Amino acid sequence: MKRVLLHTCCGPCMIGPHTALKEEGYEVFGFWYNPNIHPLTEYNRRKETFLEFTEQNDIRVIWQDEYDIGEFLRNVVYRESQRCSYCYYVRLKAAAHIARKGKFDYFTTTLLYSKFQKHELIRSIGEAAAKEVGVKFLYKDFREHWKFGIEESKRLGMYRQQYCGCIYSEEDRYR
């Protein structure tokens with residue numbers, strides 16, 4: 001059975017990719033690393049929902065539980081229009097390092113599930129991180145599982161966030 005490390009931004013976004021990967025015969029491990037999420041209360045709610053989902057579904061998890069919004073902001077300030085590139089890169093590169101260290105066959109991300117993320121940019125950055133670190137990036141277009149993931153997360157009563165996570169996307173939400 002091939003092992004895949006699934007970088008995960010939140011519990012609801014894990015449902016579709018996790019289900020799809022399991023159905024394809026992968027052994028799935030969750031990976032939590034999201035230093036972009038603002039504010040800290042939002043970060044904690046997403047982490048708790050992720051933890052609940054992984055515990056209920058017996059999913060093993062690797063934690064990189066580092067909340068450093070200052071570092072994220074230092075790297076995107078005055079480059080706000082390119083913030084997603086940095087955000088994707090820092091998380092996918094971390095996933096690649098963990099996947100290599102843990103001898104995983106692949107790494108991938110739930111970011112490929114969202115209809116609101118920059119899909120081709122995620123793919124490109126994931127492939128670049130894989131090449132740089134020396135591990136395989138598993139590209140999957142998880143968006144086909146969008147409706148299933150939403151319905152299932154509602155059925156489970158999960159907290160569902162209304163923005164991708166960073167302070168800039170929170171501002172966009174209210175505009």
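**View 1. Met-14, a residue in helix α1 of this predicted model.** Let's start inside the fold: Met-14 lies in helix α1. This model is predicted. Is Met-14 buried or exposed? Met-14 is buried, because its relative accessible area is 0%. Setting aside neighbours within four places in sequence, Met-14 is in contact with Leu-6, Thr-8, Gly-30, Phe-50, Phe-53, Thr-54, Ile-59 and Thr-110. For a sense of distance, look across to Arg-91, which is 77 residues from Met-14 along the chain; the C-alpha atoms of Met-14 and Arg-91 are separated by 15 Å.

View 2. As a reminder, strands of a sheet pair through backbone hydrogen bonds, either parallel or antiparallel. Follow β2 (residues 27-32) and you will find four bridges joining this strand to β3, with Phe-29 standing opposite Arg-60 in β3. Between β1 and β2 there are six bridges, again in the parallel sense, and Arg-3 stands opposite Glu-27 in β2. Strand β2 is mostly covered, with five of its six residues buried.

**View 3. Helix α2 and its buried side.** Which residues of α2 are buried? They are Glu-42, Tyr-43, Arg-46, Lys-47, Thr-49, Phe-50, Phe-53 and Thr-54. These residues sit on the same side of α2, because they cover an arc of only 165 degrees around the axis. On the face turned away from the buried side, look for the exposed residues Thr-41, Glu-55 and Gln-56. After the helix comes Asp-58, with a positive phi near 50 degrees.

View 4. Asn-36 counts as buried because its relative accessible area is 2%. At Pro-39, look at the backbone: the peptide bond from His-38 to Pro-39 is cis, with omega near -10 degrees.

View 5. Helix α3 (residues 69-76) has the buried residues Ile-69, Phe-72 and Val-76. They are on the same side of α3, because their arc around the axis is only 60 degrees. Among the elements that cover these buried residues are α4 (83-101) and α7 (167-174). Just after α3 comes Tyr-78, with a positive phi of about 70 degrees. Tyr-78 belongs to the loop between α3 and α4, and counts as exposed because its relative accessibility is 77%.

**View 6. Lys-103, in the loop between α4 and β4.** Lys-103 is found in the loop between α4 and β4. Its phi is near 55 degrees, a positive value in a residue other than glycine. Here is some background for this view: most residues other than glycine have a negative phi, and most peptide bonds are trans. Is Lys-103 buried or exposed? Lys-103 is exposed, because its relative accessible area is 69%.

**View 7. Cysteines without a disulfide.** How many disulfides does the structure hold? The structure holds zero disulfides. Take Cys-13 as an example: the closest cysteine sulfur, in Cys-10, is 3.5 Å from the sulfur of Cys-13, so the pair is too far apart for a bond. The cut-off is that the two sulfur atoms must be within 2.5 Å. Cys-13 counts as buried because its relative accessibility is 11%, whereas Cys-164 counts as partly exposed, at 36%.

Note on methods: Residues are numbered from 1 along each chain as its sequence is written. This is a predicted model: local features need pLDDT of at least 70, side-chain atom pairs count only at pLDDT 80 or more; totals for chains, interfaces and linings use all residues. Side-chain values use heavy atoms; hydrogens and water are left out. Two strands pair if DSSP finds at least two bridges between them. Helices (H or I, at least four residues) and strands (E, at least two) are DSSP runs, numbered from the N terminus. Buried means under 20% relative accessible area, exposed over 50%, partly exposed in between (1.4 Å probe, protein chains only). The arc is that of the directions from the helix axis to the C-beta atoms. Contact means heavy atoms within 4.5 Å.
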